[in-house]
Amino acid sequence: MVDTTDCLSEPAFMRRVSTFKDHIWCRDIPALSPLEISRHGWHSTEDEFMVRCSSCQENLSLVIPPPDSGIRESCVKTAVERLSSGHGEFCPWSACSNPLSWNRVKIPDPDDVARTAVKISKIGVKLPFIRSNYHSDWENVIRKLDTNILGQIEDEQIRKFSCVLALCGWKDGVLEDTLQDLYGVRRIGIWNFVSIQDEEDILEAQRVAEELGQTVEDSSNLAPEGKVYFDPVNEHISWHPLVQKRDGVHGWRYVLTQLSRSVTEDPRDVKTKRDPLKAIKKVRDILDQR
């Protein structure tokens with residue numbers, strides 16, 4: 001059993017989210033996304049659409065009929081209600097859930113971004129090459145990150161791409177040559193993507209082709225077989241907050257806007273404004289101890 005303090009434990013919430021690795025949960029039902037399910041104390045059992053309470057151990061099926069069934073909407077409504085009512089009689093989750101804000105995109109601490117980038121950079125030239133249309137928006141934010149931390153990355157291109165990956169919610173994976181999202185749900189092998197080294201080889205091949213009087217219209221045609229260019233946002237799982245929209249704006253764009261504003265402020269002001277949720281959590285903890 002867990003007590004009600006688990007309702008305020010973000011690490012416990014993240015562990016529950018990490019159990020929803022199966023792509024069957026990518027079904028475009030925001031009210032039943034893994035984030036919302038986890039917020040109410042449930043984790044995946046790895047049995048199709050079956051979840052279990054981390055406290056009372058009750059099981060709950062979240063199977064939803066197809067759109068053309070005629071009963072889908074009512075089934076979704078019932079399933080959403082069961083996220084709270086499906087717990088055992090004395091289960092704390094029936095009356096208490098994690099804060100709704102934990103489901104939403106979070107504005108990362110710039111220093112944490114820099115430290116994550118340093119770890120990612122260890123992959124070196126095997127890192128995915130990120131095309132300019134994916135990293136140009138972030139360049140102003142990257143320039144404002146802590147140079148003392150990022151100074152550990154000597155290569156400028158590796159530094160830039162590592163920062164973009166960190167800003168877009170990636171970190172170095174547990175397994176060699178892998179990246180994973182912050183939930184530990186989406187894990188990718190970087191060997192599936194055009195790397196920095198691959199791109200250098202492609203540019204060299206283009207140069208040679210031009211010297212021979214040949215024209216290469218699409219550099220993608222020169223990419224190693226089976227490899228594609230990495231999209232740091234859309235490689236995320238579909239229910240990830242960076243991919244989802246908030247007030248009509250994609251999560252990654254919201255993060256970019258907020259960080260762009262913060263880097264133009266006085267650093268002393270930014271320090272006091274950073275992560276207001278931490279202050280809220282402290283108040284919750286104090287009240288919970290009474």
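This section describes the nonpolar cores, salt bridges and aromatic contacts of a predicted model.

The largest nonpolar core comprises 43 residues, of which Leu 127, Trp 138, Leu 150, Leu 165, Leu 167, Trp 170 and Leu 179 touch the most other members. Two or more residues are contributed to this core by each of the helices α4 (110-121), α6 (139-143), α7 (147-150), α8 (156-167), α9 (196-211) and α10 (251-262). Helix α8 supplies the largest share, namely seven residues. When neighbours within four places in sequence are set aside, the contacts of Leu 127 are Ile 120, Ser 121, Ile 158, Ser 162, Leu 165, Val 194, Ser 195 and Ile 196. Apart from this core lies another, of 26 residues, which includes Ile 37, Trp 42, Trp 93 and Tyr 183. In soluble globular proteins, nonpolar side chains tend to be buried together.

Ten salt bridges are present in the structure. One of them joins the side chains of Lys 106 and Glu 10, with an N to O distance of 3.7 Å. This pair connects distant parts of the chain, since Lys 106 belongs to the loop between α3 (72-85) and α4 whereas Glu 10 belongs to helix α1 (residues 10-17), 96 residues apart. Lys 106 is partly exposed at 32% relative accessibility, while Glu 10 is buried, its relative accessible area being 16%.

A salt bridge is also formed between Glu 139 and Lys 160, whose closest N and O atoms are 3.9 Å apart. Here helix α6, which carries Glu 139, is linked to helix α8, which carries Lys 160, across 21 residues of the chain. Glu 139 is partly exposed, with a relative accessible area of 26%, and Lys 160 is likewise partly exposed, at 26% relative accessibility.

Within helix α9, the side chains of Glu 204 and Arg 207 meet in a salt bridge at 2.4 Å, N to O. Because these two residues lie three residues apart in helix α9, about one helical turn separates them. Glu 204 is partly exposed, with a relative accessible area of 39%; Arg 207 is partly exposed as well, at 37%. Through salt bridges that share partners, Glu 204, Arg 207 and Glu 211 are joined into one network.

The aromatic pairs number nine. The pair of Trp 138 and Trp 252 is tilted, because the ring centres lie 6.3 Å apart and the planes stand at 45 degrees, an angle between the limits of 30 degrees for stacked and 60 for edge-to-face arrangements. Trp 138 is placed in the loop between α5 (132-135) and α6 and Trp 252 in helix α10, so this pair ties together parts that are 114 residues apart in sequence. Both Trp 138 and Trp 252 are buried.

Trp 170 and Phe 230 form an edge-to-face pair, at 5.7 Å centre to centre and with 65 degrees between the planes. Trp 170 lies in strand β4 (residues 170-172) and Phe 230 in the loop between α9 and β7 (245-246), so that distant parts of the chain, 60 residues apart, are linked. Trp 170 counts as buried at 0% relative accessibility, and Phe 230 is buried with a relative accessible area of 0%. Elsewhere, ring pairs link Phe 20, Trp 25 and Phe 49 into a cluster.

Charged side chains also sit over aromatic rings. The charged end of Arg 131 is positioned over the ring of Tyr 229, 3.7 Å from the ring centre. Arg 246 lies over the face of Tyr 254, at 4.4 Å from the centre of the ring.

Technical notes: Residues numbered from 1 in each chain as written. Predicted model: local features only at pLDDT ≥ 70, side-chain atom pairs only at ≥ 80, totals over all residues. Heavy atoms only, no water. Core = buried A, V, L, I, M, F, W, Y, C linked by side-chain atoms within 4.5 Å. Buried < 20%, exposed > 50% of the residue type's maximum accessible area, 1.4 Å probe, protein only. Helix = DSSP H or I, 4+ residues; strand = E, 2+ residues; numbered from the N terminus. Contact = heavy atoms within 4.5 Å. Salt bridge = Lys/Arg side-chain N within 4 Å of Asp/Glu carboxyl O. Phe/Tyr/Trp six-rings, centres within 6.5 Å; stacked < 30°, edge-to-face > 60°. Lys NZ or Arg CZ within 6 Å of the ring centre and 35° of its normal.
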